[in-house]
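Thanks for sending this one over. Here are my notes on how one chain meets its two partners, in numbered points.

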Amino acid sequence: MIRSVYYTNHHIIPQTNLSIEEIHRALQDPEGLLWVCLSAPTEEELQTILGNLFHFHPLAIEDCTSHGYQVSKIDEFRDYLFIVMHALPSGKFWEISEPIEVDIFLGKNYVVSVTHESYVSPIETVWKHLEKDERLITRGSDFLCHAILDHLVDDYLPVLDEIDEQIEFLEDQVLQSPTPDVLSKTLEMKHALMSMRRLVAPQREIMNRLSRDEFPMIDQQSKIYFRDIYDHLVRLQDLSESLRDIVTGILDIYLNSTSLRLNEIMKALTIVSTIFLPLSFVAGVYGMNFIHMPELGWRYGYLMVWVIFFLIASGMILFFKKRNWF
Amino acid sequence: MIRSVYYTNHHIIPQTNLSIEEIHRALQDPEGLLWVCLSAPTEEELQTILGNLFHFHPLAIEDCTSHGYQVSKIDEFRDYLFIVMHALPSGKFWEISEPIEVDIFLGKNYVVSVTHESYVSPIETVWKHLEKDERLITRGSDFLCHAILDHLVDDYLPVLDEIDEQIEFLEDQVLQSPTPDVLSKTLEMKHALMSMRRLVAPQREIMNRLSRDEFPMIDQQSKIYFRDIYDHLVRLQDLSESLRDIVTGILDIYLNSTSLRLNEIMKALTIVSTIFLPLSFVAGVYGMNFIHMPELGWRYGYLMVWVIFFLIASGMILFFKKRNWF
Amino acid sequence: MIRSVYYTNHHIIPQTNLSIEEIHRALQDPEGLLWVCLSAPTEEELQTILGNLFHFHPLAIEDCTSHGYQVSKIDEFRDYLFIVMHALPSGKFWEISEPIEVDIFLGKNYVVSVTHESYVSPIETVWKHLEKDERLITRGSDFLCHAILDHLVDDYLPVLDEIDEQIEFLEDQVLQSPTPDVLSKTLEMKHALMSMRRLVAPQREIMNRLSRDEFPMIDQQSKIYFRDIYDHLVRLQDLSESLRDIVTGILDIYLNSTSLRLNEIMKALTIVSTIFLPLSFVAGVYGMNFIHMPELGWRYGYLMVWVIFFLIASGMILFFKKRNWF
Amino acid sequence: MIRSVYYTNHHIIPQTNLSIEEIHRALQDPEGLLWVCLSAPTEEELQTILGNLFHFHPLAIEDCTSHGYQVSKIDEFRDYLFIVMHALPSGKFWEISEPIEVDIFLGKNYVVSVTHESYVSPIETVWKHLEKDERLITRGSDFLCHAILDHLVDDYLPVLDEIDEQIEFLEDQVLQSPTPDVLSKTLEMKHALMSMRRLVAPQREIMNRLSRDEFPMIDQQSKIYFRDIYDHLVRLQDLSESLRDIVTGILDIYLNSTSLRLNEIMKALTIVSTIFLPLSFVAGVYGMNFIHMPELGWRYGYLMVWVIFFLIASGMILFFKKRNWF
Amino acid sequence: MIRSVYYTNHHIIPQTNLSIEEIHRALQDPEGLLWVCLSAPTEEELQTILGNLFHFHPLAIEDCTSHGYQVSKIDEFRDYLFIVMHALPSGKFWEISEPIEVDIFLGKNYVVSVTHESYVSPIETVWKHLEKDERLITRGSDFLCHAILDHLVDDYLPVLDEIDEQIEFLEDQVLQSPTPDVLSKTLEMKHALMSMRRLVAPQREIMNRLSRDEFPMIDQQSKIYFRDIYDHLVRLQDLSESLRDIVTGILDIYLNSTSLRLNEIMKALTIVSTIFLPLSFVAGVYGMNFIHMPELGWRYGYLMVWVIFFLIASGMILFFKKRNWF
Ligand SMILES: [Mg+2]
Ligand SMILES: [Mg+2]
Ligand SMILES: [Mg+2]
Ligand SMILES: [Mg+2]
Ligand SMILES: [Mg+2]
Ligand SMILES: [Mg+2]
Ligand SMILES: [Mg+2]
Ligand SMILES: [Mg+2]
Ligand SMILES: [Mg+2]
Ligand SMILES: [Mg+2]
Ligand SMILES: [Mg+2]
Ligand SMILES: [Mg+2]
Ligand SMILES: [Mg+2]
Ligand SMILES: [Mg+2]
Ligand SMILES: [Mg+2]
Ligand SMILES: [Mg+2]
Ligand SMILES: [Mg+2]
Ligand SMILES: [Mg+2]
Ligand SMILES: [Mg+2]
Ligand SMILES: [Mg+2]
Ligand SMILES: [Mg+2]
Ligand SMILES: [Mg+2]
Ligand SMILES: [Mg+2]
Ligand SMILES: [Mg+2]
Ligand SMILES: [Mg+2]
Ligand SMILES: [Mg+2]
Ligand SMILES: [Mg+2]
Ligand SMILES: [Mg+2]
Ligand SMILES: [Mg+2]
Ligand SMILES: [Mg+2]
Ligand SMILES: [Mg+2]
């Protein structure tokens, strides 16, 4: 789907869904603002708009066309910037973990956005806001681009909060019942945090460059807005690192609980064995069939044996008590 | 709550709790020193003071308004610096671990401080010191700002000392009785140290910048004061790293004690089993009911069996002694 | 084998397999494009072409001659660049893991490629494309060199995908049946990923330099092509790091499954022992041959013993149930 | 205690223990060399000498006055350098591990040293050498300062050698008898090495700066002397890292020995159990009191049972032999 | 032993073993090439040659005199470079691991080499090559110095290959019989690799500086020769890192094999115990001496018990089969 919108001083009402001709003319107007928004376009549409109309570099177009995962990056061309970012899909991140590539061409008076999905939340949100928030229109293409990226990055925090919630649940869980299920879920969260880190780090670097370096299509006073997105990404990184620490703690407790439980099991076995093996031996002795066994004939022989049983058992129990095994 | 104080050569006694008008006029006086202190302000107060009166950047105001965690940072604007720091709350750090955000705007002749809590120790301490310590008044806004940050950072050391005390207690504990409780407390301390590190590192970087970079609102001779705070933060980092080493050592000892204890348990089981299983077997043999068992009729058969019992038991014990199992 | 091809404005049809004389003359033509392709050459051929004809530096020639592993690198000489890259052989990477060295000399109007293998996929592919893709001919030696390196790097992704597939298979496997075989295969994959990383990192650095630094034999507009290869290598690194995380997760699950299984085994042993040792003891008691043992004569003595057996056994089982051992 | 010594061309014999007046006059002489040495001074002495006489910066004086641990650092003031270093106390480092802070002010024609201890080895050594080694007097304050720091750093190597000796002893010990005592001593050494690293690293950085940066009070030809101290610190770091590797190896062997020992214990238990449990079962069978048990009446029944005992026992032993359990 | 050789245009035959006088005169000749080679010199010889004749800096002479380990380094003086490198002794590296220090002074027209050993392979090899390889004579002191360093570094690869061989042997070994001997050998190899890394890293840095920085005694066209040595050291580092990965893999397999073996042992114990403890209990029941035990008198009581034995045993075995314990 191709949408476009064009704001200019010549018209009071913005033009929408411009023809190729109109886009071509709009590009000549340095005071206007043009946004061409390609959502799940066909390869021909991509080639027509990006190649024939905007004359973007073939390599940038190739990056827009290709479907494989591409690390976030920023490429500087003479007249425009080419920015590759990654939006998060709705749904549980740790189950999907495939981000949605958002490609943006930022020129002096235009923004071209490309996504392979037909609905990408930050794009749609900004598109809707165009009517309400006039800053998006009056402050130029860099502010419009910032708005898309800001919403894109704002979508990360709720996802990290959800992971946080899961991890806090697992933290409680591991102390009560450290089942293998807790382990596999914890590893899943660790996995998700690592994916998160790999998404956040390069995007942070892009925002750092956008807010520090000199680009002709970014005004001095717009830089602080990219700095604000940078702050959000720093915070995301900080948060995910602190979550990773908790995850490591959960794994430590889990692994230790496994060996503590083994100790518990072995203690039970050892206590029972060391009490009953000697007792059984004594019983075995008086179960022997020797003809000449004086004790067997004693009046209180049987009583004596019970006394021996009692002494052995209580001796063992005292020994274990002293060793703090109970 | 909004407090303000204004020192100027025109008046001998400082003006307090200025009206909007008075603040406006005070800002025109390059020789004066104005401190506006917002403690737990309402959103309207924030908007009025920061936005309408001081005309700070909307993004900085947004950072003051928002309640989520924000990594410490410094933003440079043309006429002022915007500094986000984190004070420690009173109470045990490892139980709370939520720091209090302190936002400071530092201009040539003013300081504006913003906190969401109504009582924040470094702010209150400096506010009280204003009457006693005249350096706070005569040395300009940068020295006043330094004083707040210095007290803010000074609050970290007692907290780290408390953690140190806990850790030394746990170090003794783990050698005497390595209970799961020791493990969970140690992990809690590790957790607290990691939070500490994440708080200290960016604040150190801010002090580094304040003491090295050129800012128009910081005099050359004031930089060494920020360097002093930097030194404190370096020391905090150093201390927390050395505590982390001890914590790692505690965990090593704990985990090893678990498996040593398992070895102890298994030794007890093995010794008892290997002594009594053969004895019980011998007793079992002479408990058999075969009609033709010559030994049963022997005069000293029963005595002989006890000799066998004794030989087996002492042989086993000698074997274990040789293997150093006792 | 020595192949060569020469494109020039003077001839419409390219010259192939030039004589030493012709190569010498072709080098004088700044507008032409010469590719000399040495595949598994003899040492004399190397010396003749590289030394006597092109007068390359003896150390660069030594690097081409030597057979040992050489880390990827780029050496800058006055008139040419000497680039050492590594192509992947066909076959399973984790079984072979010996990459094929590809040495390239890049001059203003020539490319000389050297490999010790007679068939190296990226070289052959570009050689074949020469006839179809006229960009290879018209855009100069830097674009030709880029084409070889691009194909060389493009061969890495399928290999990493194959490793990915294996790892996902192992991830499923380790949860169902964590056999030692799964461990050794996982370690093999970890090994392969580490080799991969050691191959990718220096080649990434080479592409970074080729796309950033100023070299007289690389035009400004060709740099973006090396940047594109750089992007691919960044992605390879990213992918192999995320695979390494999964591998670490597999190892964690494997190791934990080993100790969980030990716990299972020990539980079985402990349950059986703690039930039957006391029972056997009781049976042993009434197997004793004392003359005076009242119970033996009781009418319901035998029944009573079975009641005792039942009480002990069900008591134990209840105890284990309470401890969640079933 | 305050000592001072003053060398000048005007006097042949050096002046010692100068009065405040004399120190003041000595400071005016750019050709002279003055050393004021404060050992365990009172706070008033510190304030008088450092504050009133030398007019050092209040923050530097505060650092000299304060007793807490301060990370090594160098502060550059206009007329002097303020250097904080750490000397090692005599006694076993791993038992004490509290270094002695040595504060040095280095001016063009003076050195002021401050320590809280009354006897600090490098200070005393250089003080004594003043009479013998005339280079200390003729080469200026930077060489004198270097001499103190050189002796201070030279004291580290014997300490590290002592740790090395301990570690080599533990390395032998752990293979012969891996007792918990070996573990705790090894962890103590690891701890000491980490403290060492935290002392050495910042001091190395100080020497690096003194030998590279331009300071007006350090001559070009004196820099190589600070470089020499830098080399010593590099070597200390190198040595302590290589010791840390050995310590890690000791811990690996220790932990493995614990589980190897468990395996040994469990083997013993398993062998005895698997031999005697079946034997006891067979004996138990023929201890049953059934009226109709044909074997009991057989002539060679008892012999047969012994044959069965022998077959079971030797079968088990063969099985264990085959599995290499002996 | 002091050797020297002097090449000059004035003489056709080189002068050897020059007197102090002759060395002094040779140093005046900017076109000549002088090599003074000190092998295991006395302290006086060192002082005479290095101090009195060449007037090298006392600190550099001290480094040549001292016997302790010195990290590889390069010191730049006005007229000469002072280079400390480390040659490998013959013999197995992992048993000796003490490298031989080689100190080189590189001037515009001379090389002075110092070693504490009388035979150091790279020195002797280059000394012998002087007669055969005229490049060593005609290309100046920098090329001569390069030749020594090149041979010195070339000696590292065979050592690393030997370690590689050992490690591959251990890799096979650990899968077949993971004995403690394999562990200690593997740790030894890990140790050797770490020593190797600590030797290679600073020497690599030296070669990097020699091939990049500007030194008056190193010609522009000689730099590529130091770059070649740099490449070799990069490769050594790369190789030793990949060996370290394999070593880590061996340790993983070893440690896992220990716990797998414990599992095997415990399985055997558990199977035997859980089969024979119930059987023995049943036998014990019918070994009781109650007067009223109906089963004892049954005609087929004994047969029934064997049926019970069989049912219990096969039930257990089926249970273990189902759990995959065989
Ligand atoms: Mg794409
Ligand atoms: Mg945002
Ligand atoms: Mg926002
Ligand atoms: Mg929480
Ligand atoms: Mg913000
Ligand atoms: Mg924002
Ligand atoms: Mg906030
Ligand atoms: Mg402070
Ligand atoms: Mg202070
Ligand atoms: Mg302490
Ligand atoms: Mg302590
Ligand atoms: Mg201080
Ligand atoms: Mg202070
Ligand atoms: Mg080669
Ligand atoms: Mg490609
Ligand atoms: Mg491509
Ligand atoms: Mg997957
Ligand atoms: Mg691309
Ligand atoms: Mg491409
Ligand atoms: Mg102090
Ligand atoms: Mg020294
Ligand atoms: Mg020395
Ligand atoms: Mg040693
Ligand atoms: Mg030295
Ligand atoms: Mg020295
Ligand atoms: Mg030496
Ligand atoms: Mg070499
Ligand atoms: Mg060579
Ligand atoms: Mg191999
Ligand atoms: Mg080479
Ligand atoms: Mg070479």
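1. Between D:Asp252 and E:Lys190 there is a salt bridge, at 3.9 Å from N to O; the term stands for a side-chain nitrogen of Lys or Arg within 4 Å of a carboxyl oxygen of Asp or Glu. Chain E and chain D have four salt bridges in total.

2. A word on the basis: this is a predicted model, with local features needing pLDDT of at least 70 and side-chain atom pairs pLDDT 80 or more, while totals for chains, interfaces and linings use all residues. Residues are numbered from 1 along each chain as its sequence is written, chains are lettered from A in the order in which they are written, and side-chain values use heavy atoms, without hydrogens and water.

3. Polar contacts come next: 11 residue pairs, both at pLDDT 80 or more, span the interface of chain E and chain D. The rule asks for N or O atoms within 3.5 Å, one able to donate a hydrogen and the other to accept it, and residues adjacent in sequence count only if both atoms are side-chain atoms.

4. Which helix of chain E gives the largest share of the side that touches chain D? That is H10(E), with 17 residues. Helices here are DSSP runs (H or I) of at least four residues, and strands (E) of at least two, numbered from the N terminus. Other elements supplying at least two residues each include helix H9 (180–212), helix H12 (301–322) and strand S4 (73–76).

5. The contact with chain D (heavy atoms within 4.5 Å) involves 49 residues of chain E and 46 residues of chain D. Together they bury about 4100 Å², 67% of it on carbon and sulfur atoms; this is accessible area (1.4 Å probe) lost on being put together, summed over both parts. E:Arg198, E:Ile265 and E:Tyr302 lose the most area in chain E, together 17% of what that side buries.

6. About 4100 Å² is buried here, with 67% from carbon and sulfur atoms. E:Phe281, E:Phe290 and E:His292 supply 16% of the area chain E buries against chain C, more than any other three residues.

7. Chain E and chain C have four salt bridges. One of the pairs in a salt bridge is E:Arg323 with C:Glu264, the closest N and O atoms lying 3.6 Å apart.

Key. Buried area is the accessible area (1.4 Å probe) that two parts lose on being put together, summed over both.
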